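Okay, thanks everyone, let me put the structure up on the screen. I'll walk through a few spots and keep it short.

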Amino acid sequence: AWLAEFADKYPRAVGIPFWCFVTPDSVTPEVADSLARAGCAEVEMGVQTLDPRVRAEVIQRTEDTADVARTIRLFRERGLRVSTDYILNVPGQSEDELRDMVRFFLEANPTRVNTFWMDIFPNTDIYRYATREGFIDAAHAERIAAGDGVKGLIRGGWGESRLAEQFQMQVFLMNFLPARVIET
């Protein structure tokens, strides 16, 4: 109800185009209509992963891939730009997941796909998962606990992954090149 009220008042009172964050499982057609009516120019949506196992076990998110596709479609139908965020180098992320991600985004057609690198911090659920499942050995766990090796969200993350770097470049190029070039 507050969003419908906002959509009525904001254009009259302020009228400046804006951008906001959404989650795929929180968007309904009514939410998309209200944001469009309010003057939202772009939404940014955290997708993080499209792999159901990684989504549930590692990132602990509840939406599914159909929610992501539906949300992109709802906003695109209303003329809003849709920026999606995807995390690379998640413990357990496979080459198949990364290939499926590229195919999914080529088909779903968001305006932009942003990639970020996962950093793992001590005493977090992801840290415990990665150590328990053997993605991080004892020496690496000690470095993480000491705060060593944090490289940032845009480049690097908690561990080296040449494969993830290759997919990061492919996803970056998706924002500029036709799908037929990316698919090859």
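So, cysteine 40: buried or exposed? Buried, because its relative accessibility is 6%. Bear in mind that this is a predicted model. Cysteine 20 counts as buried too, since its relative accessibility comes out at 17%, and the cut-off for that label is under 20%.

How many does the structure hold? The count is 0.

Let's move to valine 22, which sits in strand E1, residues 18–22. Valine 22 is at 10% relative accessibility, so we call it buried. What does it touch, leaving out residues up to four places away in sequence? The list is Val27, Leu35, Val43, Glu44, Met45, Gly46 and Phe75.

Next up, glutamine 93. Where is it? In the loop that runs between strand E3 (81–88) and helix H5 (95–108). Glutamine 93 has a relative accessible area of 16%, and therefore it's buried. So what is the side chain doing in there? One of its polar atoms lies 3.0 Å from the backbone oxygen of isoleucine 87. The side chain of glutamine 93 also makes a polar contact of 3.4 Å with the side chain of glutamate 97. Beyond four places in sequence, glutamine 93 touches Tyr86, Ile87, Leu88 and Leu98.

Last stop, the surface. Which residues make up the nonpolar patch? Met169, Phe172, Leu173, Phe176, Leu177 and Val181, and together they have about 540 Å² of accessible area. Helix H8, residues 162–174, gives the largest share of that patch, with 3 residues. Leucine 177 is in the loop between H8 and helix H9 (179–183). Its relative accessibility is 35%, so leucine 177 goes down as partly exposed.

Note on methods
Residues are numbered from 1 along each chain as its sequence is written. This is a predicted model: local features need pLDDT of at least 70, side-chain atom pairs count only at pLDDT 80 or more; totals for chains, interfaces and linings use all residues. Side-chain values use heavy atoms; hydrogens and water are left out. Patches are made of residues with over 30% relative accessible area and no salt bridge: like charges are joined within 9 Å, nonpolar side chains (Val, Leu, Ile, Met, Phe, Trp, Tyr) within 5 Å. Accessible areas come from the Shrake-Rupley method with a 1.4 Å probe; for residues, only the protein chains shown count as cover. A salt bridge is a side-chain nitrogen of Lys or Arg within 4 Å of a carboxyl oxygen of Asp or Glu. Helices (H or I, at least four residues) and strands (E, at least two) are DSSP runs, numbered from the N terminus. Buried means under 20% relative accessible area, exposed over 50%, partly exposed in between (1.4 Å probe, protein chains only). A disulfide is a pair of cysteine sulfur atoms within 2.5 Å. A polar contact is a pair of N or O atoms within 3.5 Å; within protein, one must be able to donate a hydrogen and the other to accept it, and residues adjacent in sequence count only if both atoms are side-chain atoms. Contact means heavy atoms within 4.5 Å.
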